[in-house]
Amino acid sequence: MRRLTGAAVVFAAAFLTFAFLVLPVVAIFARVSPGRLVAQLSNPVATDALELSLKTTAIAQALILLVGTPAAWLLASRRFRGRGLVVTLVELPLVLPPAVAGIGLIAAFGRFGLLGGTLDAFGIRLGLTQAAVVLAVAFVASPLYLRQAIAAFEAVDQDMVAAARTLGAGPGRAFFRVVLPLARNGLAAGEALAFARGLGEFGATIMFAGSLQGVTQTLPLAIYQEFAVNFDVTLAMSALLVLVSTALLVALKVTLQWQPSQRTSRFLFAASS
Amino acid sequence: MRRLLLVTALLAALASPAAASAPRLTVFAAASLTDVFPQIDPHERYSFAGSNALAAQIRQGLPADVFASANVTIPDQLYEQGLVERPVLFTANTLVMIARKGNPDHLHGIYSLGGDSGLKIVMAAKGVPVGDYTRTVLAKADLSGVVGRAVSQETDVREVLSKVALGEADVGFVYATDAKAVPGQVAVFAIPRQFQPKVNYAAAAVKAGSHLAAAEAWVRRLKGKAAQRKLRAAGFLVPGRG
């Protein structure tokens with residue numbers, strides 16, 4: 001009897017969890033017919049926001065990949081004093097409340113911020129510009145990529161790199177021909193996570209970049225603002241983000257499960273540890 | 001099982017306000033009332049935002065007892081839709097232009113915004129009461145072009161205020177009472193009387209609220225001596241006929 005009640009509680013908890021997490025997502029699609037949702041997406045607020053979100057996310061992700069990849073490689077391949085501290089600090093934006101991220105960006109890059117005077121001397125004012133959107137997205141999204149990239153690089157068999165080097169490959173060639181291909185799944189997974197986080201960025205953006213249709217108003221900002229104006233358009237934009245996020249999540253799972261020939265080739269070399 | 005009951009009870013306690021003798025009301029109020037309402041009555045639960053966003057929440061059934069808007073149009077609409085009781089005019093305000101602390105851009109008033117000034121101007125979005133008032137002022141002053149040059153369309157007046165107070169924007173349009181709430185942090189420019197819109201505040205009890213009688217009494221008290229004294233001290237005005 002006791003065991004039965006125990007099982008019932010567990011099942012009830014599982015059902016509650018599932019229903020609680022799924023219901024809000026389903027509700028977005030349940031309120032209005034799909035045809036009407038699609039029609040709402042032609043609203044200029046929605047099209048402008050979509051275009052802007054794609055543009056700023058693309059720029060931010062390119063920056064994250066270009067700057068973050070070598071940085072992650074360095075952190076993964078070097079052992080130095082204070083490394084743990086550096087990695088922790090790099091991961092910090094991940095757990096920061098978005099509003100704190102916004103205040104931090106203003107305190108650092110705002111006109112009266114730490115670097116504000118220097119930037120002003122060059123005639124650069126970041127606050128309330130599209131560049132501010134990119135900065136906000138990069139700030140909150142890059143730690144997700146960096147974390148995953150560091151782990152992926154750490155998993156690369158150093159003997160493989162050493163072998164490439166003894167066979168005459170320079171450090172650059174070894175990196176591009178050996179390290180990158182071996183780490184690519186982890187890197188792709190990190191990028192998918194960073195992309196999803198960047199696309200959803202809200203708090204830091206609205207504080208640091210403001211909200212102007214077609215200039216700084218990304219999809220989440222448009223959803224927030226349009227809520228007071230037209231609920232159907234809000235639903236449509238939310239539905240679109242649900243679909244994109246779902247696609248990213250599926251892509252992430254596929255990437256993580258799909259293993260290139262790395263497994264078998266490892267036996268060609270001596271065990272690494 | 002007992003644990004489940006405990007969790008349910010806990011959730012129920014969190015979701016419903018304590019059913020004490022004096023019910024604690026949930027008051028949805030315009031962002032410009034952020035400082036003064038808790039002074040009038042610290043006992044209630046407040047949610048401050050743009051009046052249009054609060055109205056949207058009421059339309060979507062979020063539990064509010066009182067709605068206080070920075071204009072009369074929005075509560076009137078909700079009244080016609082049968083969502084609130086008859087709105088009551090309780091105070092008024094004026095619009096001002098604000099600039100960064102110390103006026104480093106040497107502005108003189110709204111006409112400093114004419115032409116391509118290169119200034120970073122922020123205002124509230126269309127539909128937000130203060131955003132609509134700003135558009136009225138600019139249209140009356142023949143400066144409607146300024147709207148298109150704004151670098152951000154905010155969702156409530158306090159966001160406009162903070163963008164200018166932080167120095168991210170150069171110029172903004174807020175209520176006189178907002179500028180008064182951050183003394184010394186922004187430069188304030190009066191807007192000539194002939195351009196001023198009629199800024200009247202109306203409050204109404206929300207019909208779907210669970211304490212309708214108490215909510216109606218609360219709205220009535222806004223016109224009482226004590227509340228009016230607090231409003232006047234914060235810079236609010238006696239409502240005009242609008």
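D142(B) sits in the loop that links α5 (129-140) to α6 (145-149) in chain B. Helices (H or I, at least four residues) and strands (E, at least two) are DSSP runs, numbered from the N terminus. This is a predicted model, where local features need pLDDT of at least 70 and side-chain atom pairs count only at pLDDT 80 or more, while totals for chains, interfaces and linings use all residues. Residues are numbered from 1 along each chain as its sequence is written, and chains are lettered from A and ligands numbered from 1 in the order in which they are written. As for the two chains, A has 13 helices and 0 strands, whereas B has 10 helices and 10 strands.

**Chain A overall**

- Reading from the N terminus, chain A goes α-α-α-α-α-α-α-α-α-α-α-α-α.
- Its C-alpha atoms take up a box of roughly 75 × 65 × 35 Å along the principal axes.
- Of its 273 residues, 36% are buried; a residue is buried if 20 or more other C-beta atoms lie within 10 Å of its own, exposed if 12 or fewer, and partly exposed in between, with C-beta atoms placed from the backbone.
- Take the contacts in chain A between residues at least 6 apart in sequence: 77% of them link residues at least 24 apart. Two residues are in contact if their C-beta atoms, placed from the backbone, lie within 7 Å.

- L128(A) lies in the loop between α6 (116-121) and α7 of chain A. Its phi is positive, near 65°, even though L128(A) isn't a glycine, and L128(A) counts as buried because it has 27 C-beta neighbours inside 10 Å.
- A101(A) belongs to helix α5 (residues 98-109) of chain A, and it is buried, with 21 other C-beta atoms within 10 Å.
- Setting aside residues up to four places away in sequence, A101(A) touches P93(A), L96(A), F139(A), V140(A), G203(A) and A204(A).
- A194(A) is 93 residues from A101(A) in sequence, and their C-alpha atoms are 16 Å apart.

**Chain B overall**

- With 242 residues, a compact globule would have a radius of gyration near 18 Å, and chain B agrees with that at 20 Å. The radius is taken over C-alpha atoms, and the globule rule is 2.2 Å times the number of residues to the power 0.38.
- Along the principal axes, the C-alpha atoms of chain B fill a box of roughly 70 × 45 × 30 Å.
- In chain B, 47% of the 242 residues are buried.
- Among chain B contacts between residues at least 6 apart in sequence, 72% join residues at least 24 apart.

- Helix α7 (residues 157-165) of chain B has 8 of its 9 residues buried, so it is largely enclosed by the rest of the structure.
- The buried residues of α7(B) include charged ones: R158(B), E159(B) and K163(B) are among them.
- G167(B) follows α7(B) and has a positive phi, near 85°.
- Back to D142(B): its phi is near 60°, which is positive in a residue other than glycine, and D142(B) is exposed, with 10 other C-beta atoms within 10 Å.
- G61(B) sits in the loop between α3 and β3 (66-69) of chain B. G61(B) is exposed, with 9 C-beta neighbours inside 10 Å, and its C-alpha atom is 7.9 Å from that of A208(B), 147 residues away along the chain.

**Where the chains meet**

- On the interface, 21 residues of chain B contact 19 residues of chain A.
- On the chain B side, α3 (51-59) and β7 (152-154) are the elements that give two or more residues.
- That side splits into 10 nonpolar, 7 polar and 4 charged residues; Ala, Val, Leu, Ile, Met, Phe, Trp, Tyr, Cys and Pro count as nonpolar, Asp, Glu, Lys and Arg as charged, and the others, Gly among them, as polar.

**The largest nonpolar core**

- This core has 140 residues, and A136(A), F153(A), V66(B), F67(B), V164(B) and V174(B) touch the most other members. Such a core is a set of buried Ala, Val, Leu, Ile, Met, Phe, Trp, Tyr and Cys residues joined through C-beta atoms within 7 Å.
- Helix α7 (residues 130-154) of chain A gives the largest share, 17 residues.
- Apart from neighbours within four places in sequence, F153(A) contacts A72(A), W73(A), A76(A), S77(A), V179(A) and A183(A).
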